[in-house]
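Subject: Structure handover

Hello,

Here is the structure I promised to pass on. Please open it alongside this message, and then read my notes below.

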Amino acid sequence: MPCNEMENKRSYHMCDLCDRIIIGDREWAAHIKSKSHLHQLKKRRRLDSDAVTAIENQSISPDCDKELKEKGSPEQNEKELKSSV
């Protein structure tokens, strides 16, 4: 990598993905492009997308949904009680 006078050789970077501490801007740039970091990045993205898909696939069963509609909200139940008295 070409040398740059603006680079900080003592900067501190923490890669949470790889759980590593990188010191220096040049080393950080090299780490970001490294095979191990890119592998961890792909792995994290895959896990995150699988988790989102699993959450989206979960749904309330029709029986549960029916019970919620029958019960109504607490405010609605309170209004009904007052109107019947």
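This is a predicted model: local features need pLDDT of at least 70, side-chain atom pairs count only at pLDDT 80 or more; totals for chains, interfaces and linings use all residues.

Start with the loop between strand 1 and strand 2, where Asp19 is found. Asp19 has a positive phi of about 60 degrees, although Asp19 is not a glycine. Most residues other than glycine have a negative phi. Asp19 is also exposed, with a relative accessible area of 61%. The hairpin of strand 1 and strand 2 has four residues between the strands.

Next, the overall layout. The protein chain has four helices and two strands. Along the sequence, the pattern reads β-β-α-α-α-α. Of the 85 residues in the protein chain, 11% are buried. The accessible surface comes to about 7,900 Å², and carbon and sulfur atoms account for 54% of that surface. Take the contacts in the protein chain with a separation of 6 or more: 14% of them are between residues 24 or more positions apart.

Now the two strands. Strand 1 covers residues 12-15, and strand 2 covers residues 20-23. They run antiparallel, with four bridges joining them. Within this pairing, Met14 stands opposite Ile21 of strand 2.

Tyr12 is in strand 1. Tyr12 is exposed, at 55% relative accessible area. Leaving out residues up to four places away in sequence, Tyr12 touches Ile21 and Ile22. Tyr12 and Trp28 are 16 residues apart along the chain, and their C-alpha atoms are separated by 8.8 Å.

His13 also lies in strand 1. Which residues is His13 in contact with, leaving aside its neighbours within four places in sequence? The list is Arg20, Ile21, Ile22, Gly24, Asp25 and Trp28. With Asp25 there is a side-chain link too: a polar contact of 3.1 Å joins the side chains of His13 and Asp25.

Then the cysteines. How many disulfides does the structure hold? The count is zero. The cut-off for a disulfide is 2.5 Å between the sulfur atoms. Cys18 is likewise in no disulfide, and the nearest cysteine sulfur to Cys18 is that of Cys15.

Are these two cysteines buried or exposed? Cys15 is buried, with a relative accessible area of 3%. Cys18 counts as buried as well, at 19% relative accessibility. The cut-off matters for Cys18, because buried means under 20% relative accessible area.

Last, the annotation. UniProt places the feature "domain: Zinc finger double-stranded RNA binding" at residues 13-37, in an unreviewed entry. In the model, the span of residues 13-37 is 44% helix and 28% strand. The end C-alpha atoms of that span lie 14 Å apart.

One is Asp19, with its positive phi. Another is the polar contact between the side chains of His13 and Asp25.

Best wishes

Methods:
Residues are numbered from 1 along each chain as its sequence is written. Side-chain values use heavy atoms; hydrogens and water are left out. A polar contact is a pair of N or O atoms within 3.5 Å; within protein, one must be able to donate a hydrogen and the other to accept it, and residues adjacent in sequence count only if both atoms are side-chain atoms. Contact means heavy atoms within 4.5 Å. UniProt positions are given in the numbering used here, feature names are shortened, and annotations may be inferred rather than shown by experiment. Buried means under 20% relative accessible area, exposed over 50%, partly exposed in between (1.4 Å probe, protein chains only). Two strands pair if DSSP finds at least two bridges between them. Accessible areas come from the Shrake-Rupley method with a 1.4 Å probe; for residues, only the protein chains shown count as cover.
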